[in-house]
Amino acid sequence: NVPFDQISNAGKIYLLGTEINSDHAVTGFLVNNARVMKNVPVVLVTGKEKNSMKHKVDEIIKVNSYYYFVKAVTHWLLSNGLENGLFLRDRVTGFEGYRSRLLSENFDTLIVNAGLTDKEVIIQFAESYNNEMNAILLFSEKEVSPATSSELFNLAMITGKLGKISNGLISLKEKNNSQGL
C-alpha cells in the first residue's frame, strides 16, 4: 500500500525474506539510496544463512520461520497492550477474535518455532517497528508464504501503519508486472 516514491521518506525500512538487490533491482536501488543518502536504517529479517544483502543493511535477524517470527512479534505487542486501539476501532472488524486466538498460543513456543533462542530479538523488533513513525516493511512473495503475508498485514493493522504516508507494506511480486511497479 506504499507507493515506491515514498521509500525515501521512511524513518526505518524493514526487509523480510527478500534479497532486493538481486530479485528487485529497482526497489533495491530505492532502499539503498534511502539508506545512503538519507541515513534511513534498514533491518533485514532473513531465513538464509548467507545473504547478499548483509553489506547493505544495518541489522540482520536470522530466523527459521518468517510466519512464526511475525506471529511472535504480534503476540508480544498484543499481550503488552501496545496495539493502536484508535486505528483498530475505526477500521477493523473481528479484532477481538483474532486477538484471543493469537494470545491463546504460547509466546515461547512461537519464538522457538521462529528459530530464535532470545526473546529480546522479538521484543526489540516489535518495539522498533511499533514506535517508528514512518515504518515501511517490504517482503517478497517469492520467499514468504500466503499465511505469513496475512500475518504481516495483521501486524501493520495492529500497529496502525496502513494508509499513512511513508508507512505500511510493500509486497514484492515475483514478477513486478504482475501488479505493476
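Lys 173 is buried, with a relative accessible area of 19%, where buried means under 20% relative accessible area, exposed over 50%, and partly exposed in between (1.4 Å probe, protein chains only). The model is a predicted one, in which local features need pLDDT of at least 70 and side-chain atom pairs count only at pLDDT 80 or more, while totals for chains, interfaces and linings use all residues. Residues are numbered from 1 along each chain as its sequence is written, and side-chain values use heavy atoms, with hydrogens and water left out.

The side chain of Lys 173 meets that of Glu 141 in a salt bridge (3.1 Å, N to O), the term standing for a side-chain nitrogen of Lys or Arg within 4 Å of a carboxyl oxygen of Asp or Glu. This pair links distant parts of the chain, with Glu 141 in the loop between strand 4 and helix 8 and Lys 173 in the segment after strand 5 (168–172), 32 residues apart; helices (H or I, at least four residues) and strands (E, at least two) are DSSP runs, numbered from the N terminus. Glu 141 is partly exposed, at 35% relative accessibility.

| Pair | N to O distance |
|---|---|
| Asp 23 and Lys 142 | 3.5 Å |
| Glu 83 and Arg 99 | 2.8 Å |
| Glu 141 and Lys 173 | 3.1 Å |

Asp 23 lies in helix 1 (residues 20–23) and Lys 142 in the loop between strand 4 and helix 8, so their pairing ties together parts that are 119 residues apart in sequence. Asp 23 is partly exposed at 28% relative accessible area, and Lys 142 is partly exposed at 44%. Glu 83 and Arg 99, by contrast, are both buried.

Turning to the nonpolar side chains, the largest nonpolar core has 34 residues, of which Leu 16, Phe 69, Ile 122 and Phe 125 touch the most other members; such a core is a set of buried Ala, Val, Leu, Ile, Met, Phe, Trp, Tyr and Cys residues joined through side-chain atoms within 4.5 Å. The elements that give two or more residues to this core include strand 1 (12–16), helix 3 (66–79) and helix 7 (119–131), and helix 3 gives the most, with 7 residues. A second, separate core of 18 residues includes Ala 10, Ile 20, Ala 34 and Ile 170.
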